Amino acid sequence: MKIFLIGYMGSGKSTVGKQLAEQLAMPLLDTDEMLGAKYGSEISAIFDTMGEIAFREAEHELLLKIIADPANAMVATGGGLPCFYNNMNLMKQSGITVYLKLTPDLLYERLCEETAKRPLLAKVVDLKWHIIESIEHREKKYRQAAFKINIEQHTTVNKICSEAMQQISKQLLRKKYHAETT
């Protein structure tokens, strides 16, 4: 079983993924870290060197390899990964998708000091407007997740993980019931 964490950059996919992976005794696969290791560079440098189209193709190929591996895993995806090719459908077909949602205001607060590390933000003039516009564009894909967790409604990572565990359990029961009745 794969559990895919999706959401905008800065929504906490890596942080939440680490704790959920520990709770479920699964490895955490972080697609940004994996691409960084493969190309020997930070994501922002890879993005600048390859360009967005080649970067998105590399993300897609990595996703296909993760899905093909039969081992269970928690997967923290890059913020744009669900929005290209048929990645969202592939993740939904091969596991449980979890949308970690934050308001643009909270994302802005989190991302203000990280623009140099984030490939799509490094050259943005108006960060808040960019976040709002990007989320509006990506939201259609993000909403296709099996469930979403509104991060701002939870005060700690533990509470976010508790909500995620409850929802993941429900999804696993649904999948089991569906498999038994078909």
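1. Rings of Phe, Tyr and Trp (its six-membered ring) pair if their centres lie within 6.5 Å; planes under 30 degrees apart count as stacked, over 60 as edge-to-face and the rest as tilted. The structure, a predicted model, holds two aromatic pairs. One of them joins phenylalanine 47 and phenylalanine 55 edge-to-face, at 5.1 Å centre to centre with 65° between the planes.

2. Phenylalanine 47 is buried at 9% relative accessibility, and phenylalanine 55 is buried at 3%. Buried means under 20% relative accessible area, exposed over 50%, and partly exposed in between (1.4 Å probe, protein chains only).

3. Tyrosine 99 and tyrosine 142 form a tilted pair, 5.0 Å centre to centre and 40° between the planes. Tyrosine 99 belongs to strand S4 (residues 95–101) and tyrosine 142 to helix H7 (residues 127–142), so the pair ties together parts 43 residues apart in sequence. Helices (H or I, at least four residues) and strands (E, at least two) are DSSP runs, numbered from the N terminus.

4. Threonine 77 sits in the loop between strand S3 (73–76) and helix H5 (87–94). Threonine 77 is buried, with a relative accessible area of 3%. Its side chain reaches the backbone oxygen of leucine 5 at 2.9 Å.

5. Glutamate 59, in helix H4 (residues 52–68), is buried at 1% relative accessible area.

6. Residues are numbered from 1 along each chain as its sequence is written. Local features need pLDDT of at least 70, side-chain atom pairs count only at pLDDT 80 or more, totals for chains, interfaces and linings use all residues, and side-chain values use heavy atoms, with hydrogens and water left out.

Terms used. A polar contact is a pair of N or O atoms within 3.5 Å; within protein, one must be able to donate a hydrogen and the other to accept it, and residues adjacent in sequence count only if both atoms are side-chain atoms.
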